[in-house]
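Hello,

Here is the structure for you to look over. My notes on it follow below.

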Amino acid sequence: MATKKKLNLNRVDMPKQADFIRKRNFKEVALGYSVEDAVEEASRCLDCKKPICVDGCPVEIDIPGFIRAIANRDFSLAIKTLKERNCLPAVCGRVCPQEEQCEIKCILQKKGAPVAIGRLERFAAEWETKQDNVELPGIMKKTGKRVAVIGSGPAGITVAGDLILLGHDVTMYEALHEPGGVLTYGIPEFRLPSKVVTREIEYLQKLGVRLICNFVVGKTRSLQKILDEYDVVFVGTGAGLPWFMNIPGENLNGVYSANEYLTRVNLMRGFEYPKTYTPVVRHKKVAVVGGGNVAMDCARTALRLGAEESVVVYRRSEAELPAREEEYENAVEESVEFNFLTLPEKLIGDENGWLKEIECSRMELGEPDASGRRRPVRIDGSEFRMKMDACIIAIGNSPNPIIPQTTPDLDVSKWGTIEVDEDSLKTSIDRVWAGGDIVSGAATVILAMGAGRKAARSMHKYLSDTSL
Amino acid sequence: MFKVIERKSIVPNLHLLVVHAPDVVETIQPGQFVIIHAGEGSERIPLTAADWDREEGTLSIVFMEVGTSTGKLAMLQPGDEIQTVVGPLGVPIEIEKFGVVVCIGGCFGMGSIYPVVRALKEKGNEVITMLEGRSKNLLYWEEKLSKYSDKVIMLTRDGSYGYKGHVKKGVEILREQGIKPDRVIANGCTTLSYLATRDYAHYDIPVIVTLNTIMIDGTGMCGVCRCTVDGKMKFACVDGPSFDGRLVDWDELAARRKQYISEEAFLVHHSGCGGF
């Protein structure tokens with residue numbers, strides 16, 4: 001390998017739709033690398049002997065391996081290498097926070113220009129979709145063991161993908177009419193096109209995963225009964241009840257949870273209304289409360305639905321913003337405004353019950369709190385009002401309550417998350433594993449996938465050890 | 001896919017839909033609902049079960065044709081397939097031996113009250129069923145309900161059938177007949193539920209209403225169905241849909257029902273012809 005390779009610090013940019021155009025359409029913002037872009041970027045990789053980037057990846061992708069393949073123009077090997085560890089490269093290449101996982105570990109990061117691992121992953125996945133024949137990996141001899149996966153979001157998909165390859169029969173249950181979980185109802189089209197998710201799910205189905213939509217485990221059938229039909233069960237039911245701020249006026253019309261706003265637009269395709277029938281009100285002045293990726297998604301969605309003003313209201317400062325830098329930058333470019341150190345205190349409505357104003361206080365940062373971030377403290381007498389006709393609350397959600405509520409022997413924390421053994425992700429019920437947001441509380445796609453991988457490993461070990 | 005067994009107009013604007021959904025009816029209880037999604041482009045609509053047959057695996061629903069998505073459902077023919085019938089969702093309504101229970105049904109609620117009436121009677125309650133409509137031609141299922149009711153009282157606002165009057169008239173009739181209810185259960189539009197709560201308030205007994213809020217997922221994820229009950233935020237889909245009407249913030253509920261009125265009206269009048 002090239003030990004004397006000259007450092008190339010020119011990270012290849014990925015083309016994007018121009019901000020003034022993209023902020024009014026729902027097409028994908030980032031356009032992806034061309035072949036030449038990808039080869040050039042991949043050639044920057046130093047192919048380290050001890051690749052520490054891999055340590056940063058929750059699903060342990062052979063990062064130098066797939067990048068080397070791209071540099072050598074062997075794209076088929078690149079995608080094969082990726083898929084050995086990651087059944088969702090097209091998704092992860094788009095939505096993983098690489099800058100705090102793999103890319104932050106890259107040696108070139110020290111020089112300020114880490115290899116664009118995410119963009120290369122996305123490139124390899126896109127390359128594959130343009131080929132006529134997608135090569136299916138080998139599936140191990142059928143074991144005859146039956147696996148139920150509850151929830152078809154990132155955690156469930158990973159479990160299904162891993163266990164089907166190991167020869168088990170996998171059935172995946174989904175409550176909504178379309179699979180994908182948060183990838184489908186939550187992440188907007190302009191960041192993750194629905195056709196990408198559909199393709200990844202179809203790939204799983206080609207591998208033999210059985211998908212049952214419109215089935216709410218815990219309601220349609222109890223978890224206990226599902227357990228009678230399968231050898232092992234994985235619960236990956238994700239996010240549930242959206243959090244509100246507990247301030248006056250939150251039930252006014254024009255006030256939404258981020259989940260509702262995004263579900264109307266994404267899953268129900270409200271952005272195509274009136275061609276589709278689920279209505280979305282096209283508000284002119286929209287405030288989004290929160291500072292995470294979901295808040296960015298809402299603020300940018302509002303612009304695309306025609307808002308003249310889209311303002312993020314966040315109680316801490318820019319430095320604490322939890323959203324990915326890339327998403328924050330995109331939002332700023334698209335003219336989303338940011339009101340930092342600001343806390344909504346009261347939502348004020350008109351005589352018909354519609355939001356008209358938001359009363360806020362200014363904040364300052366005090367001592368660090370339990371999360372290690374400096375605690376925002378209200379500045380007395382700083383109240384002011386913003387005229388707004390919509391307010392979207394994007395401050396997180398608690399875990400989905402249905403399985404915990406309907407499964408008597410399942411140990412649940414006081415936050416409603418399912419309690420699991422840290423190493424195996426086994427729950428308090430025999431033959432039941434859990435992972436993703438239902439265990440961790442709201443987190444990221446890749447962390448849910450990492451949990452799915454961990455659970456799948458333990459489930460496979462259990463299935464191999466037991467002859468049923 | 002879920003096969004349509006029957007779909008017919010039972011009174012003007014109200015339809016009975018019978019659909020094959022064996023998994024749903026296996027565990028369904030009175031007061032629970034399903035979400036129906038007619039297919040690509042349609043809305044997800046919550047509809048309370050009006051009857052079921054576990055052996056046949058069929059579910060019956062009475063729905064009102066109000067907008068584009070329900071309009072699509074109203075066109076279904078036997079043999080057609082519906083993409084989504086998911087459930088049973090929500091918490092079953094409380095069925096105990098309460099004593100004398102007044103069950104009030106209006107509009108689609110004359111259908112959805114039926115499983116409640118049946119279960120209450122089977123528990124040994126004295127069930128007084130009241131059906132309320134504007135006029136005689138809007139009433140249905142009198143005979144079906146009478147099978148499980150000790151008494152069926154029909155109310156029309158124009159006096160064309162039964163007694164003339166609205167919910168309040170029912171209260172007068174009870175008083176005249178010397179009947180003292182122990183519990184009231186009302187199924188129907190928000191107005192009917194509100195009136196039942198108001199007109200029975202002086203009895204100081206639970207008035208259980210089934211709220212028909214807007215919903216999307218129906219599993220507690222989106223929060224559009226939120227309402228204020230006893231001063232607390234509740235989600236009708238997972239905490240309800242049945243609540244004690246005495247604790248419901250009715251003004252807020254009525255306002256929230258109207259969130260999408262202008263969008264819905266637009267759809268009905270938007271022919272898609274591209275004209276202006």
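Asn214(A) sits in the loop between strand 3 (210-212) and helix 10 (223-229) of chain A; helices (H or I, at least four residues) and strands (E, at least two) are DSSP runs, numbered from the N terminus. Asn214(A) is not a glycine, yet its phi is positive, about 60°. Asn214(A) is buried, with 25 other C-beta atoms within 10 Å (buried means 20 or more other C-beta atoms within 10 Å of the residue's own, exposed 12 or fewer, partly exposed in between, with C-beta atoms placed from the backbone).

This is a predicted model, where local features need pLDDT of at least 70 and side-chain atom pairs count only at pLDDT 80 or more, while totals for chains, interfaces and linings use all residues. Residues are numbered from 1 along each chain as its sequence is written, and chains are lettered from A and ligands numbered from 1 in the order in which they are written.

Leu341(A), also not a glycine, has a positive phi of about 50°. Its place is the loop between strand 9 (337-339) and strand 10 (342-349) of chain A, and Leu341(A) counts as buried, with 21 C-beta neighbours inside 10 Å.

Chain B has cis peptide bonds. One joins Gly87(B) and Pro88(B), with omega about 0°; Pro88(B) belongs to strand 7 (residues 84-89) of chain B. Another runs from Gly240(B) to Pro241(B), with omega near 15°, and Pro241(B) is in the loop between helix 8 (236-239) and strand 16 (242-244) of chain B.

The contact takes 34 residues from chain A and 39 residues from chain B, counting residues whose C-beta atoms, placed from the backbone, lie within 7 Å.

Regards

Methods:
Two residues are in contact if their C-beta atoms, placed from the backbone, lie within 7 Å.
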